[in-house]
Amino acid sequence: MSFGLLKGKVVAITGCSTGIGRSIAIGAARNGANVVLHHVGESTASDIASVESECSKAGAKTVIVPGDIAEPATASAIVSAAVSSFSRIDVLISNAGICPFHTFLDLPHPLWKRVQDVNLNGAFYVVQAVANQMAKQENPKGGSIVAISSISALMGGGEQAHYTPTKAGLKSLMESCAIALGPMGIRCNSVLPGTIETNINKEDLSDPVKRADQIRRAPLGRLGLPEDLVGPALFFASDLSSYCTGASVLVDGGMAISLQ
Ligand code: RM4
């Protein structure tokens, strides 16, 4: 999918060593962007090197930023890397997130806190840091922020009580930021993936009963792939969505509208 949608743009993607973030980073590079590739650190170093290689092959200039997204300093490092490497940042894909499935009654409090810290607090830190940079930019003014929320913003999960509130919070954060940042020409939108096969749910989907049930619930009759998120994310990232802000799009194979 290479239409030059992001020619000359600087795109930062958080949590992009694998899965949805990896696919969007490579998709952005293939559409003309230079990319700031965030990943958590040593454990994902080989994965991010692969992403950088694919982005470079597509002609993108790249810069890699390691760090725990739950630390505000990582957000500052992402902005600093974008400005020092490319003098600006046009698009943020706030993607970093975890979903360690766990039963509710014995959900450890530290695990609850970690999921909030990564998925929601981390997104707040990087959205705020990037928005402050975008607010200073001219020619063109502003930018586009895309949060990778989830179908879980709209419905619960029995072993995801720590996760679904963060995804609902992400969608709501984008709606409030759309109002706060609109006057500065910064658009804020959300993508809501359904069940997409990635590392985040590999163990969960290794259960054949759970896997079959997820497939059954999707009218398109299959689980999503990370590549399925590239088009919707680049739509919101690019001028194709120039009058869209505070919006969200489901990428779920029809799951959310089906009672089957
Ligand atoms: C999504 C949805 C999927 C799950 C992922 C981790 O919001 O609940 O079923 O696999 O989260």
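Predicted model: local features only at pLDDT ≥ 70, side-chain atom pairs only at ≥ 80, totals over all residues.
Residues are numbered from 1 along each chain as its sequence is written. Local features need pLDDT of at least 70, side-chain atom pairs count only at pLDDT 80 or more, totals for chains, interfaces and linings use all residues, and side-chain values use heavy atoms, with hydrogens and water left out.

Student: Which element has the lowest mean pLDDT?
Tutor: pLDDT is the predictor's confidence in each residue, from 0 to 100. The chain averages 97, and 100% of the residues score at least 70. Elements are DSSP runs numbered from the N terminus: helices (H or I, at least four residues) and strands (E, at least two). Strand β4 (residues 91-94) has the highest mean, 99, and the lowest, 94, belongs to helix α6 (residues 202-205).

Student: At what angle do α3 and α4 pack?
Tutor: Axes are lines fitted to C-alpha atoms, for helices over the stretch in contact; angles run from 0 to 180 degrees between N-to-C directions. The axes of α3 (residues 72-86) and α4 (residues 109-134) are 8 Å apart, and the angle is about 35 degrees.

Student: How far is a polar side-chain atom of T195 from an oxygen atom of the ligand?
Tutor: For Y163, a side-chain N or O atom is 3.2 Å from a ligand oxygen. For N201, that distance is 2.9 Å. For T195, it is 2.8 Å.

Student: Is the peptide bond from N139 to P140 cis or trans?
Tutor: P140 sits in the loop between α4 and β5 (143-148). Omega from N139 to P140 is near 0 degrees, and the bond is cis.

Definitions and conventions
Polar contact = N/O pair within 3.5 Å; in protein donor to acceptor, adjacent residues only side chain to side chain.
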